[in-house]
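Here are a few exercises to work through with the model open beside you. Try each task before reading its solution.

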Amino acid sequence: MAERLSMNGRMEAAAQRGSHLQAAAQTPPRLGPPSAPPLPPQEGHQEGLVELPASFRELLTFFCTNATIHGTIRLVCSSRNRLKTTSWGLLSLGALVALCWQLGLLLEHHWHRPVLMAVSVHSERKLLPLVTLCDGNPRRPSLVLRHLELLDEFARENIDSLYKVNFSKGRDALSAAVPRRESPFHLDRKIRLQRLSHSGSRVRVGFRLCNSTGGDCFYRSYASGVAAVQDWYRFHYVDILALLPAAWEDSHGSQDGHFVLSCSYDGMDCQARQFQTFHHPTHGSCYTVDGVWTAQRPGITHGVGLVLRVEQQPHLPLLSTRAGIKVMVHGRNHTPFVGHHSFSIRPGTEATISIREDEVHRLGRPYSHCKSGGEGVEVELLHNTSYTRQACLVSCFQQLMVETCSCGYYLYPLPTGAEHCSSARHPAWGHCFYRLYQDLETHRLPCTSRCPRPCRESAFKLSSGTSRWPSAKSAGWTLAALGEQGLPRQSHRQRSNLAKINIVYQELNYLSVEEAPVYSVPQLLSAMGSLCSLWFGASVLSLLELLELLLDALALTLLLGGRWLHRVWFSRPRASPASGASNIKPEASHMPTPAGGTSDNLGPSGPHLPQIMLPEALERVSAEESWTGPRPLETLDT
């Protein structure tokens, strides 16, 4: 029985070998070299340092499956449901568009550099600011007294021709006692007051200005006749003052008598060293109260009290038409521009001025163009004080005046090497000056852009209350007591020659206004993160995943592009012989030789192969030779 089973197994194995041999015999021979045997499988696969997917589809599928961005996995898990895939794709695209739109609005708002104003209240002791007082009664310099008399006569002629009014000269007795010095002087009588137009019931008055050749003229007109007369008179007055030597400005004294009759602070008398005096050509004698006083408590009893003398007889009635005291409160080491930031106090009154100081802190670049301490300002300040915007504007205008008109305006400081404008040296300076002044009023000069605001400054807010002083019951003894302090004894109108001013802090609390950026760098990143979290639930790591996806896509693109270029390069057709590809002569080494012969002694009578062989035959021969290897030569046994 066992032998029968072994016999049957041997017969089945032989049958299987026969079937395999028969299938091999029926299978046509395989062209070309045989394929290499497969490599044995490795026990474990180790991941390389850098691996890329085989296609973009595989890359996108891996990203959507493993990314932390919300909604991306819905593009993969519902791939068999086209409706869901399309819906989630549109939702993701819409969320992406909304995110980009809101990010654009956020960045646009940030690039405008908006700021917030943070207001805080502080309470501490403060130094009293400086107070500048001017009597508003400019003097007649003795060196040009005759010139001013000629100007007054010319002014009377102009006013009489316009309004048929004869006014008094308004000169004080002191000017008549001064010896007159005759000097060559030419008053430009071409610049005279004129009635220019009638617009209904309103009449405009002005004067005509021309250049040196007379080819360019224009009218400086005013709706108010009083303003026209004052500006016209100021033009000629400044033209005359420009003839004064520069040394006169320093040696000129203050007004006769006493302007400040009494001064006290916190119940104590002021010292003479606590006053700075100077004379302004159009605002008269001025005093600056420069005491280093610290306000301990608010209130009238803890402030500065001044009793001032007010003159009712102006020396230049056409230049100054009001009686009173001009007051200006300004910071320390700042130039007082009385004509721009002052207010007036009536004679015969007591005025209480309450000060509240606010500090302003501005941000510099890129949020604003403010400057700290005037550093980096294009304009050179002509005042020997701290930087203020008004001082910069005045310096800028004066420098443009010198560059354009070859001289400087008398009321402003001069740059080095320049001289004041005067008709004796510059006949048409008025035309040039008013042209520039019109451009300054219409903001066509570059001074506004050249003079930025300071990044830190103090703003003084003033409030005042007035009352009649001295009262009717106390006028007698008050005026008698002040008469011993320098007040001249006059008629019953002495009350109109006095004014009392109290300067106090309204409260020691002050406001500090500081600018802060709306979007600093941390706030901008926080806002952008909030938007990304709102629309996609993304974080910084999600953005890194997107960056990784872009880098993988770029590397895969370069790899697939390199393979495509390699395949295209090596698939290009090679150059063929000139005789054509149909007549191919096999080489001697590839031709079979008969038994017992060689390829060298083939002749016409010997056995030979046809010289024309098809390419298929060549390929078959080459394949067989490469498969079976070289055949050994046959020899005869001897």
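**Exercise 1: Strand 15 and its partners**

Strand 15 is joined by 4 bridges to strand 18 (residues 509-517), and the two run parallel. Helices (H or I, at least four residues) and strands (E, at least two) are DSSP runs, numbered from the N terminus, and two strands pair if DSSP finds at least two bridges between them. This is a predicted model, in which local features need pLDDT of at least 70 and side-chain atom pairs count only at pLDDT 80 or more, while totals for chains, interfaces and linings use all residues. Residues are numbered from 1 along each chain as its sequence is written, and side-chain values use heavy atoms, with hydrogens and water left out.

Task: find which strands pair with strand 15, and in which sense.

Solution. Start with strand 18: Asp-358 has Leu-511 there as its bridge partner. Next, take strand 16 (residues 456-468), which is antiparallel to strand 15 and joined to it by 13 bridges; here Ile-355 partners Leu-462. Then go to strand 17 (residues 498-505), parallel to strand 15 over 6 bridges, where Tyr-505 stands opposite Ile-355.

**Exercise 2: Glu-359**

Task: decide whether Glu-359 is buried or exposed, then list its contacts.

Solution. First place the residue: Glu-359 sits in strand 15 (residues 349-361). Its relative accessibility is 13%, so Glu-359 counts as buried (buried means under 20% relative accessible area, exposed over 50%, partly exposed in between, with a 1.4 Å probe and protein chains only). The strand goes along with that: 12 of the 13 residues in strand 15 are buried. Beyond neighbours within four places in sequence, the contacts (heavy atoms within 4.5 Å) of Glu-359 include Lys-126, Arg-456 and Tyr-510.

**Exercise 3: Disulfides**

Task: work out the handedness of the links Cys-210 to Cys-217 and Cys-392 to Cys-451.

Solution. A disulfide is a pair of cysteine sulfur atoms within 2.5 Å, and the count by this rule is 8. For Cys-210 and Cys-217, the sulfur atoms are 1.9 Å apart; the torsion about the S-S bond is about 115 degrees, so this disulfide is right-handed. For Cys-392 and Cys-451, the sulfur atoms are 2.1 Å apart, and with -80 degrees about the S-S bond the link is left-handed. Cys-392 lies in helix 10 and Cys-451 in the loop between helix 12 (447-450) and strand 16, so this pair ties together parts 59 residues apart in sequence.

Finish with Cys-532: the closest cysteine sulfur, in Cys-100, is 9.1 Å from its own, too far for a bond.
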